[in-house]
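Thanks for coming. I have one structure to go through this morning, so please look at the screen.

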Amino acid sequence: GAGGEGDNGDGSGDRQTFKVYWQRWIMLMYMSILNLLSDWTCYSVAPISLLTEEAFGNIDPERLVVVFLGANAIATACEPIILARLGL
């Protein structure tokens with residue numbers, strides 16, 4: 001067909017195949033683990049502020065979350081540069 005699904009434009013109707021590299025699965029695993037740690041850290045401290053103060057002393061849990069989210073934003077901005085450098 002003319003531009004239909006499975007048509008690569010030359011009229012032969014061959015399906016285009018994509019190669020998935022194992023490194024992409026490693027990258028997905030890294031990103032999933034980092035996201036899990038990020039969310040776990042951020043959302044486990046603020047709701048239990050009294051317990052956090054008892055465990056870690058005189059700290060402000062809300063400020064800790066703000067610092068964490070700021071660091072997360074900076075790291076997110078740097079992530080493409082780091083990943084391009086590492087070749088992942």
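How much accessible surface does the protein have, and what share of that belongs to carbon and sulfur atoms? The total is about 7,500 Å², with 64% belonging to carbon and sulfur atoms. Accessible areas come from the Shrake-Rupley method with a 1.4 Å probe, and for residues only the protein chains shown count as cover.

Some ground rules. This is a predicted model, in which local features need pLDDT of at least 70 and side-chain atom pairs count only at pLDDT 80 or more, while totals for chains, interfaces and linings use all residues. Residues are numbered from 1 along each chain as its sequence is written, and side-chain values use heavy atoms, leaving out hydrogens and water.

On confidence: pLDDT is the predictor's confidence in each residue, from 0 to 100. The protein has a mean of 76, and 81% of its residues reach 70 or more. Where pLDDT is low, the predicted coordinates should not be read in detail.

Next, the fold. The protein has 3 helices and 0 strands, giving α-α-α along the sequence. Helices (H or I, at least four residues) and strands (E, at least two) are DSSP runs, numbered from the N terminus.

Of the 88 residues, 9% count as buried. Buried means under 20% relative accessible area, exposed over 50%, and partly exposed in between, with a 1.4 Å probe and protein chains only.

Start with helix H1, residues 22-45, which holds Thr41. Thr41 counts as partly exposed because its relative accessibility is 40%. Its C-alpha atom is 8.5 Å from that of Val65, which is 24 residues away along the chain.

Met29 also sits in H1 and is partly exposed, at 40% relative accessibility. Patches take residues with over 30% relative accessible area and no salt bridge, joining like charges within 9 Å and nonpolar side chains (Val, Leu, Ile, Met, Phe, Trp, Tyr) within 5 Å. A salt bridge is a side-chain nitrogen of Lys or Arg within 4 Å of a carboxyl oxygen of Asp or Glu.

Now helix H2, residues 49-56, where Glu54 is found. Glu54 is exposed because its relative accessibility is 65%. Together with Glu53, Asp60 and Glu62, Glu54 forms a negative surface patch. Asp and Glu count as negative and Lys and Arg as positive, with His and the chain ends not counted; a charge is placed at NZ of Lys, CZ of Arg, CG of Asp or CD of Glu.
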